[in-house]
Amino acid sequence: MRPSHESAVAAFEQVGTAFIHIAVSTPNLFRFLYLEGYYGSPSDNLDALITDEDNAALIKRISKELAISEENTSRYLQNTIIYAHGIATLAATGVINASEKEMMQSVNRAADAFLVQEGVPVKKIPCGEET
């Protein structure tokens with residue numbers, strides 16, 4: 001999915017919402033795409049999560065929007081992707097049966113904490129959209 005929101009942080013949230021929606025609404029597809037290796041061979045490092053072209057552009061936008069370094073932005077994206085993937089995996093495998101809204105609220109809280117960890121003052125963190 002290519003995010004369309006003007007705010008870079010909100011665009012990143014759109015991707016997370018779509019990701020969790022797939023896990024909840026079509027768990028078999030999620031398992032096929034993300035858990036059974038459809039997207040290629042496993043990577044030997046976590047940086048592979050954020051090195052594609054779309055993420056590179058998003059990193060630049062978020063870095064500029066929040067006035068933090070691209071390195072800090074990359075860590076924020078990487079941590080948020082890992083957290084969202086964990087929740088989506090728990091949902092797709094039936095370990096949890098929470099609502100999409102509840103899962104996204106959890107991801108948004110974690111993402112906010114990751115932003116604070118990367119030096120963004122709490123008052124500058126954009127409020128997530130209600131899902």
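This is a predicted model: local features need pLDDT of at least 70, side-chain atom pairs count only at pLDDT 80 or more; totals for chains, interfaces and linings use all residues.
Start by selecting Ala10, which is found in helix 1; helices here are DSSP runs of H or I with at least four residues, strands are E runs of at least two, and both are numbered from the N terminus. Ala10 is buried, with a relative accessible area of 13%. For burial, the cut-offs are under 20% relative accessible area for buried, over 50% for exposed and partly exposed in between, with a 1.4 Å probe and protein chains only.

Residues are numbered from 1 along each chain as its sequence is written, and side-chain values use heavy atoms, with hydrogens and water left out.

Zoom out and switch to cartoon. You get 5 helices and 0 strands, in the pattern α-α-α-α-α along the sequence. Colour by burial, and buried residues come to 34% of the 131 residues in the protein.

Next, the cores. A nonpolar core is a set of buried Ala, Val, Leu, Ile, Met, Phe, Trp, Tyr and Cys residues joined through side-chain atoms within 4.5 Å. Select Leu58, Ile62, Leu66, Tyr76 and Leu77: of the 18 residues in the largest core, these touch the most other members. Helix 1 (8-25), helix 3 (53-66), helix 4 and helix 5 each give two or more residues to this core. Which residues does Leu77 touch, not counting residues up to four places away in sequence? Show Phe12, Ile50, Asn55, Leu58, Ile59 and Ile62; contact means heavy atoms within 4.5 Å. Apart from that core lies another, of 12 residues, among them Phe19, Ala84, Ala92 and Val107.

Now hide everything but helix 1 and helix 5. Their axes come within 10 Å and cross at roughly 140°; axes are lines fitted to C-alpha atoms, for helices over the stretch in contact, and angles run from 0 to 180 degrees between N-to-C directions. That makes helix 1 oblique to helix 5, since under 35 degrees counts as roughly parallel, over 145 as roughly antiparallel, 65 to 115 as roughly perpendicular and the rest as oblique. To see the side chains involved, pick Glu13, Gly16, Thr17, Ile20, His21 and Val24 in helix 1, which meet Glu100, Met103, Met104, Val107 and Asn108 in helix 5.

Last stop, the rings. The whole structure holds 5 aromatic pairs: rings of Phe, Tyr and Trp (its six-membered ring) pair if their centres lie within 6.5 Å, with planes under 30 degrees apart counting as stacked, over 60 as edge-to-face and the rest as tilted. Phe30 and Tyr34 have ring centres 5.0 Å apart and planes at 45°, so this pair is tilted. Both lie in helix 2 (residues 27-35), 4 residues apart, about one turn of the helix. Phe30 is buried at 0% relative accessible area, whereas Tyr34 is partly exposed at 28%.

Then jump to Tyr83 and Phe114, an edge-to-face pair at 6.5 Å centre to centre and 75° between the planes. This pair links distant parts of the chain, 31 residues apart: Tyr83 in helix 4 (residues 70-92) and Phe114 in helix 5 (residues 100-117). Tyr83 is partly exposed at 32%, while Phe114 counts as buried at 17%.
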